[in-house]
Amino acid sequence: MASTGAGIVGLGIWGETHLMAYAEHPHVDLVKVCDLNKSRARKMAKEYGAKSWCTDYRELVTDPEIDIVSIVTPDFAHTDIAVAAAKNKKHILVEKPLATTVADCKKIISAAKRNKVKLMCDFHNHWNPCMHRVKEAVDAGEMGTLQFMSLRLNDTIEVPRDWLAWSGKSSVLWFLASHSVDLVRWIFKDEVDRVYTVARSRVLKKLGKNTPDFYMSTLEMKKGAVVAIENGWIMSDKMPIVCAFQMELIGDKGTILSDVVSHEAVQKFTDKEVSLPDLFGRPEIQGKTYGFAVESIRHFIDCVRLNRKPHVTGEDGLAATKVILAMMESAKTGKPVKVR
Ligand SMILES: NC(=O)c1ccc[n+]([C@@H]2O[C@H](COP(=O)([O-])OP(=O)(O)OC[C@H]3O[C@@H](n4cnc5c(N)ncnc54)[C@H](O)[C@@H]3O)[C@@H](O)[C@H]2O)c1
């Protein structure tokens, strides 16, 4: 089977995950990479062996050698690129959130359908071994009927303060709660009916970042379960981890706990730092990248090469966006909001 041509738009922190996944794949040619930042585009192309680079995504999406386009631009800058790629018959892997309005999500989904290309929103926790174990136990009926869940997904303050130049134009809801909501829908096999969300803006505001510090949300599921979601962007930067990710799920027959990051499997203490090395997300082992962050991308490559349906769809992206928008409305009005 011939090689599959790949292109990536957006070569920032997460763009590097896509670079690794494509560059290491034995049946993928990394044809072109694109970033508005010229020196970053040139540097990443050289580092990961892309054949060429550009600063205008229109040049990338019209390249005849490209079959797959990954879109890894900021949360609010996915739609135009995704639609243009679909129009040019490229299969599209869009980072989460799919888009930040319902209309934009629908534009992407219909462009993919009209042009008969595959679309996946990169909710990679479906490949996270911890979450997969939870899902297996639930699907096997071991937990009985699910009653409630508590899900924490928080970043240290470094992420909005130092890493993301655009954090003030997005929020921890788009950046992290999109994963939380997707996990809830996937594990419960249910939709969110109503949300009640409270947010505060104190710490980041003082740093000139116009985005809330955290959101605490209660989600009522259609079948009656209740989920508490915590998403914050202000954990101390002295933490030995960048992201805290914990779940407690309680059914009428069982309870399951998961700690994806701050478990004690490996703890490192040096003169410089105390750290918990990444074991599940994107660890490098014997010169190869492993982990759920690259497995989702490898899955999409398989779907394109073997003509399979992606495990996560554009509709999953749309559903998560609808819940996030309801959370935003609830935080603003102080009232519970039905997901529409
Ligand atoms: N799956 C995950 O867990 C995960 C993790 C981190 C980020 N993300 C998502 O990936 C996306 C990017 O996040 P990031 O952390 O890499 O941000 P980043 O700021 O590090 O990188 C974004 C890059 O996109 C470039 N860019 C912006 N607009 C562009 C355009 N029109 N054309 C070409 N390049 C453009 C910027 O110059 C920048 O280099 C976001 O949607 C984010 O939510 C997903």
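**View 1. The interface of domain 1 and domain 2 buries about 1,200 Å².** Carbon and sulfur atoms give 70% of this area, where buried area is the accessible area (1.4 Å probe) that two parts lose on being put together, summed over both. α1 (15-24) and α5 (102-114) each supply at least two residues of the side of domain 1 that touches domain 2; helices are DSSP runs of H or I, at least four residues, and strands runs of E, at least two, numbered from the N terminus. The most comes from α1, with 3 residues. The model is predicted: local features need pLDDT of at least 70 and side-chain atom pairs pLDDT 80 or more, while totals for chains, interfaces and linings use all residues. Residues are numbered from 1 along each chain as its sequence is written, and side-chain values use heavy atoms, without hydrogens and water.

**View 2. The chain is divided into domain 1 (4-117) and domain 2 (125-283 + 320-338).** These bounds come from an automatic or database domain assignment. The contact (heavy atoms within 4.5 Å) takes 14 residues from domain 1 and 12 residues from domain 2.

**View 3. Gly224 lies in the loop between β9 (214-221) and β10 (226-235).** Gly224 is exposed, because its relative accessible area is 52% (buried is under 20%, exposed over 50%, partly exposed in between; 1.4 Å probe, protein chains only). Gln147 is 77 residues from Gly224 in sequence, yet the two are 7.6 Å apart in space, C-alpha to C-alpha.
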